[in-house]
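Dear colleague,

I am passing on the structure we spoke about, and below it you will find notes on what turned up in it. Please read them with the model open beside you.

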Amino acid sequence: MNLQDDDFTLFGLPRQFRLDRAALDQRWRELQAQVHPDRFAAEGAAAQRVAMQWAVRVNEAYRRLKDPLARGGYLCELAGVEVGAENNTAMPASFLMQQMEWRETLDEASGLAAVEALDRLVAAEEQRMLAELERLLDQAHDAAAAAQRVRALMFVNRFRADIDRRLEALDS
C-alpha cells in the first residue's frame, strides 16, 4: 500500500462508478484492521503516528467511494476533468426550470403528503441521473459530460436536503 495511491487502488477495486458496496465495506474493515493505531502501540509513538495517517487515509477514501456523488466527482478528477462546482454553475435551461418548479412545489406544499410526494419524485429523478452518471463514466468514458452530471446532482442533493428539513419541520 502507498499513501499516494488513488482510492480505487488503495481498496483494490476497479476504477469505475459501479461498485459492489459489500466488497467496499469488507475491504474497509480489512484495511482498518491492518492500519489501526492500536496494533502499533508496542512499536512506539512514530509507528502510531504513521498508523494514524493510514487510518485517516483509509477512512477518507472509504467516505469518498461509498458516496455516489463524491465517487463520480472523484472519477472525473482522476480522468483529468475538474467538476469545478464552485466556479461553474452553468446548467441547461430545462434543468433550471425543473429546479424552479420543484422549489415552487415545495414552497406551496401544504402538508406532509405533498412534501413526501415531491420527495419521491425528486428521489426518482436523482436515481435516473445517477444511472446516467454511471453510463457516462463506465461505458461512454465521457468525463466532461459526467462532470456536468455531477454538478447537476449537487443541485438535486441540496434540494433533497431542503426537502428533508421541511419533512422534519412537519414531523415536529
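Over the ring of which residue does the charged end of Arg71 sit? The model is a predicted one, and in it the charged end of Arg71 sits over the ring of Phe17, 4.6 Å from its centre. Arg158 likewise lies over the face of a ring, that of Phe155, at 5.0 Å from the ring centre.

The structure holds 4 aromatic pairs, among them a stacked one formed by Phe8 and Tyr74, with 6.1 Å from centre to centre and 20° between the planes. This pair links distant parts of the chain, since Phe8 belongs to helix H1 and Tyr74 to helix H4, 66 residues apart. Phe8 is buried, with a relative accessible area of 1%, and Tyr74 is buried as well, at 12%. The rings of Phe95 and Phe155 have their centres 5.9 Å apart and their planes at 80°, so this pair is edge-to-face; Phe95 lies in helix H5 and Phe155 in helix H7, 60 residues apart.

Helix H2 runs over residues 21-35, and its buried residues are Leu24, Asp25, Leu31, Gln32 and Val35. Seen down the axis of H2, these fall within an arc of 130°, so they line one face of the helix, and they pack against helices H1 and H3. At the start of H2, a side-chain oxygen of Asp20 comes to within 3.0 Å of the backbone nitrogen of Ala22.

Lastly, His141, in the loop between helices H6 and H7, has a positive phi of about 50° although it is not a glycine.

Definitions and conventions. Residues are numbered from 1 along each chain as its sequence is written. This is a predicted model: local features need pLDDT of at least 70, side-chain atom pairs count only at pLDDT 80 or more; totals for chains, interfaces and linings use all residues. Side-chain values use heavy atoms; hydrogens and water are left out. Helices (H or I, at least four residues) and strands (E, at least two) are DSSP runs, numbered from the N terminus. The expected span of a helix is 1.5 Å times one less than its number of residues. Buried means under 20% relative accessible area, exposed over 50%, partly exposed in between (1.4 Å probe, protein chains only). The arc is that of the directions from the helix axis to the C-beta atoms. Contact means heavy atoms within 4.5 Å. A polar contact is a pair of N or O atoms within 3.5 Å; within protein, one must be able to donate a hydrogen and the other to accept it, and residues adjacent in sequence count only if both atoms are side-chain atoms. Rings of Phe, Tyr and Trp (its six-membered ring) pair if their centres lie within 6.5 Å; planes under 30 degrees apart count as stacked, over 60 as edge-to-face and the rest as tilted. A charge sits over a ring if NZ of Lys or CZ of Arg is within 6 Å of the ring centre and within 35 degrees of the ring normal.
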